[in-house]
Amino acid sequence: MLKRRADFLAANRGLRVARPGFVLLAFPNKESGIRYGITVTKKIGNAVIRNRMKRRFRELLHDSLPEEGLQNHDHILIGRAGGVERDFTKLREELSAALDRARAGKGDSPLRRRGRNPKGGGRGRGADLRKNA
């Protein structure tokens, strides 16, 4: 199981496959076998809900990774809002499909960086001038 922040940050550069209940990150490691990590943020809910989701993900990974996991890869599951209410068999099917996509190298497009709007707008100096006009 992955615990170090550096491992999670490295996996973020890997392949990303989004599903309704979770996002799977797959990143090759240096001959360390199949490893996994779980991330559930406070946006998902309180501690009880986050811990429930982590337990479900842990069980899901223990069931699926030995047979379907990518060899010498780190697998990270990031919880999404609908993941805690989803049926466990549905989650298992989604993980299997996500691992198949990752094995084929078909990840989802990378997320666009948040920040400055390249076309202007936003709350820069011009916004203040327009407000006072």
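Residues are numbered from 1 along each chain as its sequence is written, and side-chain values use heavy atoms, with hydrogens and water left out. Because the model is predicted, local features need pLDDT of at least 70 and side-chain atom pairs count only at pLDDT 80 or more, while totals for chains, interfaces and linings use all residues.

Four strands form an open sheet in the order E1-E2-E4-E3, with mixed pairing. Strands (E, at least two residues) and helices (H or I, at least four) are DSSP runs numbered from the N terminus, and two strands pair if DSSP finds at least two bridges between them. Strand E1 (15-18) and strand E3 (35-39) are the edge strands, each pairing on one side only. On average, neighbouring strands of this sheet are turned by 20° against each other, direction ignored. Axes here are lines fitted to C-alpha atoms, for helices over the stretch in contact, and angles run from 0 to 180 degrees between N-to-C directions. Four bridges link E1 with strand E2 (residues 22-28) in the antiparallel sense. Arginine 16, for instance, has leucine 25 in E2 as its bridge partner. Helix H2 (residues 47-68) packs on the sheet, where it touches E2, E3 and E4, and its direction makes about 160° with that of E3. Helix H3 (residues 88-103) also packs on the sheet, touching E1, E2 and E4, with its direction at about 35° to that of E2. Contact means heavy atoms within 4.5 Å. Back at the strands, a hairpin of three residues joins E1 to E2.

The nonpolar cores come next. In soluble globular proteins, nonpolar side chains tend to be buried together. A nonpolar core is a set of buried Ala, Val, Leu, Ile, Met, Phe, Trp, Tyr and Cys residues joined through side-chain atoms within 4.5 Å; buried means under 20% relative accessible area, exposed over 50%, and partly exposed in between (1.4 Å probe, protein chains only). The largest such core has 21 residues, and Phe22, Phe57, Leu61, Leu77 and Leu95 have the most contacts inside it. At least two residues of this core come from each of E2, E3, H2 and H3. Leucine 95 touches Phe22, Leu60, Leu61, Ser64 and Leu77, when residues up to four places away in sequence are not counted. A second, separate core has five residues, including Leu2, Ala11, Val23 and Leu25.

Six salt bridges are found in the whole structure, each being a side-chain nitrogen of Lys or Arg within 4 Å of a carboxyl oxygen of Asp or Glu. One of them joins arginine 92 and aspartate 63, whose closest N and O atoms are 2.8 Å apart. Because arginine 92 lies in helix H3 and aspartate 63 in helix H2, this pair ties together parts that are 29 residues apart in sequence. Arginine 92 is partly exposed at 32% relative accessibility, and aspartate 63 is partly exposed at 29%. In another salt bridge, the closest N and O atoms of arginine 86 and glutamate 94 are 2.4 Å apart. Glutamate 94 is buried, at 9% relative accessible area, whereas arginine 86 is partly exposed at 22%. Aspartate 7 and arginine 4 also meet through their side chains, at 3.9 Å from N to O. Here aspartate 7 is buried at 14%, while arginine 4 is exposed at 54%.

Two histidines complete the description. Histidine 75 lies in strand E4 (residues 73-79) and is buried, because its relative accessibility is 1%. Not counting residues up to four places away in sequence, histidine 75 touches Leu24, Leu25, Ile34, Arg35, Tyr36, Gly37, Leu65, Gly69, Leu70 and Leu99. Histidine 62, by contrast, lies in helix H2 and is partly exposed at 47% relative accessibility. Between histidine 62 and tyrosine 36 there are 9.5 Å in space, C-alpha to C-alpha, and the two are 26 residues apart in sequence.
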